Amino acid sequence: MGEIRKMKDLFASKTKLIGLILAFLVLVVLPPFYTSYWVTLVTQMLIFAVLAMSLDILMGYTGLSSFGHAGFFGAAAYVTAVLTTRYKMGFLVCFFSSVGLTIVISLIFGLLVAHATGVYFLIITLALGMCLWGLAFRWVTITGGDNGISGIVRPNIGLPISLKDPITYYYVILVFFLICLILMAIYVRSPFGHSLKGIRESESRMRVLGYNTWLHKYLSYVSAAAFAGFAGVFWAYFNGFISPYEMDLTASIEIILMVILGGPGTLIGPALGAGIIVFLKNFISAYTQRWLLILGTIYILTILYAPQGLMNVLKDWIKGGQKKAEAEEAEAEEAEAKEVS
Amino acid sequence: MILGQFLLVQTLNGLSFGALLFLLASGLSLIYGVMRIVNIAHGSYYMLGAYIGLSVILRTHSFALGAFSGAIVIGVVGLAMERIFLRKFPLQALPQMMITLGFALVFRDLALLIWGGDPYTLPSPVFLRGSTEISGVIFPIYRLFVIGVATVVALSLWLFNDKTLVGAKLRAAVDDHEMAGGVGLNVPIISGCMFGLGAFLAAFGGVMGGPIFGVYPGLDFELLSLAFVVVLVGGRGSLKGSAVGSILVGLVDNFGKALVPELSYFTLFAPMAIIVAIKPTGLFGRD
């Protein structure tokens with residue numbers, strides 16, 4: 001028995017170790033050798049990974065699918081854009097006011113959505129997200145309407161490095177990504193995170209156990225929005241340009257696909273999903289304009305054939321491998337026993 | 001007097017927009033009521049209906065033919081979507097919605113591929129061109145015609161729903177899915193037909209709205225969110241709710257556009273928020 005356990009652990013830890021080494025190589029060691037195209041692509045992937053993980057708090061851990069998540073991302077990006085281009089504000093002011101406003105919006109919206117469950121939650125968040133989009137689209141004097149806001153310069157963050165250099169900015173984003181990943185990992189593993197999972201599994205049971213499920217859902221919604229706001233600020237600086245298209249329904253749908261494709265409730269899965277979608281989007285756009293057609297098809301195929309998400313398929317596959325190893329060992333033991341007798 | 005004229009014009013504009021919203025939202029609401037499907041592709045039906053109507057009208061010069069071919073083609077598309085794909089996930093809200101979402105993206109891109117990115121305005125039928133005068137206000141006849149058509153559709157839907165046997169079966173399916181199946185109603189067939197009818201009405205609305213608002217890429221999601229606001233305000237699965245909600249949203253949207261154009265989309269937020277906060281099921285919805 002002991003040996004089986006050992007083999008199992010070895011198998012799981014081996015896969016994990018390989019994954020970690022690969023991630024370390026791709027994200028930390030190799031970037032200085034990438035072409036500038038790849039550096040911007042990986043930077044983009046990391047920002048969207050934070051965004052996808054923030055939605056995972058809501059979708060994967062609390063079981064609430066939000067269809068307006070890009071709204072928070074966009075709201076934060078717009079605040080940064082307006083403050084930088086119009087008032088020449090520094091990084092800290094932009095960061096705190098962007099995230100602050102995002103949190104305020106989510107505190108208000110949260111009052112409307114926190115009682116809802118399932119599909120109803122989805123419809124309300126969709127409508128609220130479109131309200132934010134409408135504001136960005138039509139409030140021309142502030143947001144520039146359809147034209148968006150361009151000329152957002154990267155800030156001086158008080159360190160002797162220039163963020164205008166793509167590689168430097170990439171490493172700043174990497175640090176930001178790691179901080180967010182660690183914060184969110186602690187968050188979902190905390191007692192509070194476990195209660196969120198409880199609500200995902202059975203809200204009525206959690207309520208009977210004495211948990212204030214409304215408050216849990218409310219806080220989950222607000223925290224997801226706050227992390228989306230972080231990502232929005234860094235996106236505005238990265239892209240130098242923001243338009244309503246970055247917060248419309250299609251944008252929210254892309255984030256949801258990142259989560260579903262990667263595997264809800266795994267954090268790393270959605271980050272991986274974000275990488276895949278960002279890569280596909282850029283890669284395919286270079287060859288054809290039919291990105292939406294392909295995105296839609298990926299959607300339908302994912303639901304039909306991998307509704308659990310890639311990460312969970314991978315996990316099952318690893319578990320399958322473990323079972324195979326167990327079965328082989330059991331067979332060997334049986335054979336041994338026969339020989340002995 | 002000028003204020004009165006302004007109010008009258010904006011009210012009529014709001015009503016004609018509400019009439020179109022009703023054609024769109026009634027199907028969405030009933031589909032949600034019977035099948036618990038949140039159909040993200042519903043706005044796409046409206047847009048595709050308008051595009052197909054446009055192509056047919058340009059070739060045949062018959063508005064009626066355009067309206068019916070658009071509606072029938074999209075009705076069949078809706079029925080096929082339900083039969084082939086959605087049926088695989090009965091009553092599983094999330095996968096079903098994701099599938100409709102995938103289709104919405106595919107439809108949007110196909111429309112862009114076939115009809116291009118330019119906005120079009122559908123030609124209105126010849127005998128409905130021009131304007132009429134209502135107590136000192138000049139108003140296009142076609143808009144009044146749209147209000148009339150939507151009223152007729154609403155009345156026939158109401159008669160169908162309340163006075164016919166099929167309507168009674170439908171209401172039974174809305175009220176309690178399992179019990180309706182238990183007493184021998186073929187709920188899947190009812191659901192499939194509902195879905196087709198919803199797509200038919202949305203596409204019909206698309207052709208009807210074409211001469212007023214035109215058709216362009218992005219129209220699908222823009223109207224979809226308005227239709228969802230109607231469902232939230234009026235209540236899920238309720239025909240009366242769809243009618244009242246459509247009129248309300250049409251009026252608020254229109255007055256918002258006229259009074260505070262920069263915040264127009266946001267003006268919808270207020271009524272929706274109030275109703276969702278006070279009565280989560282919507283004005284006429286039940287749990």
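## Crossing of H5 and H8 in chain B

H5(B) passes H8(B) in a left-handed crossing, that is, one in which the near helix is turned anticlockwise from the far one by less than a right angle. This is a predicted model, in which local features need pLDDT of at least 70 and side-chain atom pairs count only at pLDDT 80 or more, while totals for chains, interfaces and linings use all residues. Residues are numbered from 1 along each chain as its sequence is written, and chains are lettered from A and ligands numbered from 1 in the order in which they are written.

H5 spans residues 141-163 of chain B and H8 residues 187-213; the two pack at about 160° with axes 10 Å apart. Helices here are DSSP runs (H or I, at least four residues), numbered from the N terminus. Axes are lines fitted to C-alpha atoms over the stretch in contact, and angles run from 0 to 180 degrees between N-to-C directions. H5(B) and H8(B) are therefore roughly antiparallel (over 145 degrees). On H5(B) the contact (C-beta atoms, placed from the backbone, within 7 Å) involves Tyr142(B), Arg143(B), Val146(B) and Val149(B), and on H8(B) it involves Met208(B), Pro211(B) and Ile212(B). These residues divide into 6 nonpolar, no polar and 1 charged. Ala, Val, Leu, Ile, Met, Phe, Trp, Tyr, Cys and Pro count as nonpolar, Asp, Glu, Lys and Arg as charged, and the others, Gly among them, as polar.

## Helix H3 of chain B

H3(B), residues 63-84, has 22 residues and reaches 31 Å from its first C-alpha to its last, close to the expected 32 Å (1.5 Å times one less than the number of residues). Its buried residues (20 or more other C-beta atoms within 10 Å of their own) include Phe63(B), Gly66(B), Ile74(B) and Met81(B). Among the elements covering them are H2, H4 and H8 of chain B.

## Interface between chains A and B

The contact takes 33 residues from chain A and 35 from chain B. On the chain A side, H5, H6, H11 and H13 each give two or more residues; H5(A) gives the most, with 13 residues. By class, this side has 23 nonpolar, 7 polar and 3 charged residues.

## Positive phi in two loops

Leu267(A), in the loop between H11 and H12 of chain A, has phi near 60°. Leu267(A) counts as buried because it has 24 C-beta neighbours inside 10 Å.

His61(B) also has a positive phi of about 60° and lies in the loop between H2 and H3 of chain B. With 12 C-beta neighbours inside 10 Å, His61(B) counts as exposed (12 or fewer).

Note on methods: Angles under 35 degrees count as roughly parallel, over 145 as roughly antiparallel, 65 to 115 as roughly perpendicular and the rest as oblique. Two residues are in contact if their C-beta atoms, placed from the backbone, lie within 7 Å.
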